[in-house]
Amino acid sequence: MSQALRDVQRAMLHAVASRTGVKLLSIKGEVAEAYGLRSVRAKGDIDVWCRPGDLGPFVRALEACGWSRAPRTRASRTLANHASTLLHQDWRYTVDVHSRFPGFMDTPESSFDVAWDTASTVTYAGVPVYIPSLEVSALILMLNGMRAQADQAVAFQEAEALVEVIRDNWDDARKARLLSVARAIGADQSAQPMIGRALGRAPDEGEHVVPMTRELRLWRMEVAAGHSATAQAVRALVVASWRGRLTIARNLLFAPREEFVADHPGAPEGRRLATYRVSRLIRAVRSTPVLCRAYRSSPFRGAPGKHGR
């Protein structure tokens, strides 16, 4: 029954997108399972992806249907801004509307266009639903696993299992398509460690050491830190203006008590909360040098492509 409800809800989202003139892709979850990229398991949110310019019109169309944005604290708005979460009292599953996907190093618009141009359709509850190609879906699963937090070990394990499936079961033509799509969408450098193992070969002679852009350095830092809150904070500070950095520091260091508790459901109550906040700050300070070393790490070897140059 729960899967039937998910199918109807996914069909509803695409029907709203079609009526609004928004190009929408369903990603992760059932899409990865349909391609055989991961085993079937219990699922949570429903993930969809649209161009950044379509995010506002699509969210407003959903709000007209009774959906609302999930409440967010100032800290959460600072640290995670690649997706908008929506809730509806009559629908069981929350919806994450992605306007960009972390790890795709091209512009969010260009990355989406590459995925859209190679998309196909499946039918859910009688409604055509657009999904990325096999290769794009594999890259999404890899990147999602690389940036998984410690409490999301299943995502990393699924990405590792996918590497073995590609290495052992995909033919050379399909592997070549994976690399070609990775270059086109801007994942040839960010997913390079997993792509290299999936292809089961050393870099070609034509591959070379490329300088890393700021985005690639930030990506490597986040991966090294397991997408920790500290890594997200460093990213936000690096890309912000000086005035913006002051706002970010204020939001993170001096968050109101109720917002801090909302962001950290396991935090203790009463007087112990102050000690807990201080201990988290100390851990963040101690981990910062490690993040800085990861950010400044040397160039790495990868397939030549426009996103590494």
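This is a predicted model: local features need pLDDT of at least 70, side-chain atom pairs count only at pLDDT 80 or more; totals for chains, interfaces and linings use all residues.
Residues are numbered from 1 along each chain as its sequence is written, and side-chain values use heavy atoms, with hydrogens and water left out.

Helices are DSSP runs (H or I, at least four residues) numbered from the N terminus; axes are lines fitted to C-alpha atoms over the stretch in contact, and angles run from 0 to 180 degrees between N-to-C directions. On the α6 side, the contact (heavy atoms within 4.5 Å) is formed by Ala138, Leu141, Met142, Asn144 and Gly145, and on the α7 side by Ala155, Phe156, Glu158, Ala159, Leu162 and Ile166. These contact residues comprise eight nonpolar, two polar and one charged, where Ala, Val, Leu, Ile, Met, Phe, Trp, Tyr, Cys and Pro are taken as nonpolar, Asp, Glu, Lys and Arg as charged, and the others, Gly among them, as polar.

Helix α6 also packs against helix α9 (residues 192-199), at an angle of about 125 degrees and with the axes 10 Å apart; α6 and α9 are therefore oblique to each other. Their crossing is right-handed. Leu139, Met142 and Met146 of α6 meet Pro193, Met194, Ile195 and Ala198 of α9, a contact with seven nonpolar, no polar and no charged residues.

Helices α1 (residues 2-20) and α3 (residues 52-64) pack at about 120 degrees, with their axes 10 Å apart, and are therefore oblique to each other. The crossing of this pair is right-handed. From α1, Met12, Leu13, Val16, Ala17 and Thr20 contact Pro57, Phe58, Ala61 and Leu62 of α3. This contact has eight nonpolar residues, one polar and no charged.

One cavity of 30 Å³ or more was counted, a cavity being a set of points on a 1 Å grid over the protein atoms alone where a 1.4 Å probe fits but cannot get out. The largest cavity has a volume of about 50 Å³, the volume being the space filled by probe spheres set on the points. Its lining (residues with an atom within 4 Å of a point) consists of Lys28, Val31, Ala32, Ser137, Ile140 and Leu141. Helices α2 (29-34) and α6 each supply at least two of the lining residues, and the largest share, three residues, comes from α6. By class, the lining of the largest cavity has four nonpolar, one polar and one charged.

Conventions:
On a 1 Å grid over the protein atoms alone, a cavity is a set of points where a 1.4 Å probe fits but cannot get out, and a pocket is an open set with protein on both sides within 12 Å along at least five of seven lines; lining residues have an atom within 4 Å of a point. Angles under 35 degrees count as roughly parallel, over 145 as roughly antiparallel, 65 to 115 as roughly perpendicular and the rest as oblique. A crossing is left-handed if the near helix is turned anticlockwise from the far one by less than a right angle, and right-handed if clockwise.
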